[in-house]
Amino acid sequence: MEKELVTYIAKALVDEPDGVEVNLIEGEKSTILELKVSSSDVGKVIGKHGRIAKAVRTILSAAATKSGKRVVLEILD
Amino acid sequence: MIKEFEGKTEKEAIDKAVEALGLDRDEFDVEIVESQKSGFLFKKGRVIIRVHVGDDMGDDMESDGGGRAPENDFEHALVDFVENVIDKMGFPGKVTVAFREEKKLGLRIDSDHSGILIGRKGKNLDAVQLIANVVAGRLTNEDVRVILDAENYRTRREENLIRLARKTGEQVRRSKGSKLLEPMNPFERRLIHTTLNDLEDVDTKSEGEGLYKQVRVYYRGVDR
């Protein structure tokens, strides 16, 4: 579910939606989401001073309150 | 759950509520029911607050029939985007147009989960709003700011901040000292500055770095 959320938001932010890839690494207490986008789009998902990345992380942790699991978003470049 | 508490000051009443309910200040909503300003000579004030806990938040707000439906492609796309985001967050709701102004588009969320969608101090609402603004910028070349609201949170927060500004202004005027407010975003800080602008003997300035700075309210006397 969180994977779908990140994928959806990321696709809306980038120029190349086809380049968006999200990998889910399920841990015991936390879930890691690895977000991969085209190299030209990395700035678009991070934003100035990381503002967009921070907002996406906030949205994710709000969504994660349901499952009670911690969700970590990693942006790969 | 709704409960009332009384104290000499707003702070005292809130502290009582925190203690009685065993909650953090962030976890409930406070409404001032009655506030008698402390008298000039004998400093006795009385403040009664009503505390809203959990899902009762905003229960007594007048329920209007919701916002208007989106009209053009841009509004449709944006409303769909926000609806999809909150749906995928697991907190589905209905998004409508609250107002249209020049360079501003107000969207409102009606959801059973508005509490979590707003978040502590509006954190979650701000995050979704930020993303919605970036997406809006990609959808149109026009300069439009998107304002997202749920349960009239922004209006209520605005009223609370104005009240806080006035109260703090009075405090530093009496103490002739200064007071540092909690970290706020630029919009919230501006509201504090402008509210206290018309007080001649009180000044405000922002302190700190980054997006969330703190406003210091201080007494400067009347230079005349």
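**Domain and chain contacts of chain B**

In this predicted model, one salt bridge is counted between domain 2 and domain 3 of chain B. B:Lys121 and B:Glu182 form a salt bridge in which the closest N and O atoms are 4.0 Å apart. The polar-contact rule likewise finds one residue pair across the interface of domain 2 and domain 3 of chain B, with both residues at pLDDT 80 or more.

The domain assignment divides chain B into domain 1 (2-55), domain 2 (73-151) and domain 3 (155-219). On the side of domain 2 of chain B, 77% of the area buried against domain 3 comes from B:Lys121, B:Asp126 and B:Glu151, more than from any other three residues.

Chain B as a whole contains six helices and nine strands. Of its 224 residues, 39% count as buried. Among contacts in chain B with a separation of 6 or more, 56% are accounted for by residues 24 or more positions apart.

Helix α5 of chain B covers residues 153-175. Its 23 residues should span 33 Å at 1.5 Å a residue, and this agrees with the 32 Å that separates its end C-alpha atoms. The buried residues of α5(B) include B:Tyr153, B:Arg154, B:Arg156 and B:Arg157, as well as B:Leu161, B:Ala165, B:Thr168, B:Gly169 and B:Val172. After α5(B) comes B:Lys176, which has a positive phi, near 55°.

Contact between the chains takes in 19 residues of chain B and 20 residues of chain A. Chain B and chain A bury about 1,800 Å² between them, 72% of it on carbon and sulfur atoms. B:Lys88, B:Ile131 and B:Arg138 provide 34% of the area that chain B buries against chain A, more than any other three residues. Two salt bridges are counted between chain B and chain A. B:Arg138 also meets A:Asp15 in a salt bridge through their side chains, at 2.8 Å from N to O. Seven residue pairs are in polar contact between chain B and chain A, both residues being at pLDDT 80 or more. On the side of chain B that touches chain A, α2 (73-89) and α4 (123-139) each supply at least two residues. The most is given by α4(B), with nine residues.

How values were computed: Residues numbered from 1 in each chain as written. Chains lettered and ligands numbered in written order. Predicted model: local features only at pLDDT ≥ 70, side-chain atom pairs only at ≥ 80, totals over all residues. Heavy atoms only, no water. Helix = DSSP H or I, 4+ residues; strand = E, 2+ residues; numbered from the N terminus. Expected span 1.5 Å × (residues − 1). Buried < 20%, exposed > 50% of the residue type's maximum accessible area, 1.4 Å probe, protein only. Domains from an automatic or database assignment. Buried area = accessible area lost by both parts, 1.4 Å probe. Polar contact = N/O pair within 3.5 Å; in protein donor to acceptor, adjacent residues only side chain to side chain. Contact = heavy atoms within 4.5 Å.
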